[in-house]
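Open the model in your viewer and follow the stops below in order. Each one gives a selection and what is found there.

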Amino acid sequence: MNALVLKEYGKLACEEVPMPECRPWEVLVAVKACGICGSDVHGMDGSTRRRRPPIIMGHEAAGVIAVAGADAKGWNPGDRVTFDSTIYCGVCAFCRRGQVNLCDDRRVLGVSCEEYRQPGAFAEFVAVPHRILYRLPDNLPFEQAALVEPFTIAFHAVRRTVATLNDTAVVVGCGMIGLTLVQAARLAGYGRIVAVDVAPEKLALAASLGATDILNSAKVDAAREILGLTGGVGADQAFEAVGVGATVDLAIRCARKGGAVTLVGNVTPQVQLPLQVVVTRELSLYGSCASAGEYAACLAMMSRGAIDAKPLLSATAPLAEGAAWFDRLYRKEPGLLKVVLKP
Ligand SMILES: [Zn+2]
Ligand SMILES: [Zn+2]
């Protein structure tokens, strides 16, 4: 089969590789669409140490079952499916509690790190355990279904955060996750959603997707503006969707006393924390990782148009053009959000 392989750091090539084997508990999915995630783009240069070559990346995918293993009961060739980006074991203490994102034996598709190597979906076929499959609604095209994963991350973060009806939320960072967070916050009943970024086109998109206020933090003192918008109190909750020092700092400084900050972004492993602000203002800090059970709901919401992936989809391209699109994303071409490759 054809696959887009990270041959060495910074070098992708579309080439012939052996078909993955399909073990009894697995299905072989003929991939119809697979989104390029920011973590793939950040990972391809070796900086995150989670894309060790050679590896087929890709964990945001949708397709059609080509082969169903003998134990994959209820799944058949021809079924239109998507799957969790995380393979979980289903039997450890965390899985049994429903916290599948914290599974002791967690493996993310398309990731190779110190502990494991799991081929991903930038390929004609990918093998996944039937446990992580979800059936696609008939009206949901593959390219949009491939974008369900970022929405599950956003809804998981919103569910992690204790909020009251009509609260004010700040979303720091309007990339893919920030823009799905804006939509999730709108559905969760937030009264005011303040989106912060430095790119005017992303802020405009945030406004069209439900942000009530937008702030360009390159131009204004965002923390002060948020105080102004909230009568000097601060936001009830802040969602951080970048993961660098300046944005974590902003998220913490714009929260009201007794408020909460939910940390989703993690492009850097460590940041400085304004400790005294967190302690003296009694802030709650939540970490939020991937998702745990939000897929079916997100697919249903996409199907009926309650959440919209279309404005986030910048381009679709054949797998053979993958290296060029990775390059454009790596160089941070303005206006590019999600690019979906079609094997
Ligand atoms: Zn991702
Ligand atoms: Zn487990």
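Select serine 85 and display its contacts (heavy atoms within 4.5 Å): leaving aside residues up to four places away in sequence, serine 85 touches His59, Arg107, Val108, Leu109, Glu149 and Tyr295. Serine 85 sits in the loop between strand S5 (80–83) and strand S6 (86–87); strands are DSSP runs of at least two residues (E) and helices of at least four (H or I), numbered from the N terminus. Serine 85 is buried at 4% relative accessible area (buried is under 20%, exposed over 50%, partly exposed in between; 1.4 Å probe, protein chains only).

This is a predicted model, where local features need pLDDT of at least 70 and side-chain atom pairs pLDDT 80 or more, while totals for chains, interfaces and linings use all residues. Residues are numbered from 1 along each chain as written, chains are lettered from A and ligands numbered from 1 in written order, and side-chain values use heavy atoms, without hydrogens and water.

Next, select the zinc ion (ligand 1). Its protein donors are Cys37 (SG), His59 (NE2) and Glu60 (OE), at 2.1 to 2.7 Å. Donors are N, O and S atoms within 2.8 Å of the metal (3.2 Å for Na, K and Ca); water is not among the atoms, so sites may look incomplete. Glutamate 60 is buried at 2%, and cysteine 37 is buried at 15%.

Now select arginine 256 and aspartate 236, which form a salt bridge at 2.6 Å, N to O (Lys or Arg side-chain nitrogen within 4 Å of an Asp or Glu carboxyl oxygen). Arginine 256 lies in strand S16 (residues 255–263) and aspartate 236 in strand S15 (residues 235–240), so the pair ties together parts 20 residues apart in sequence.
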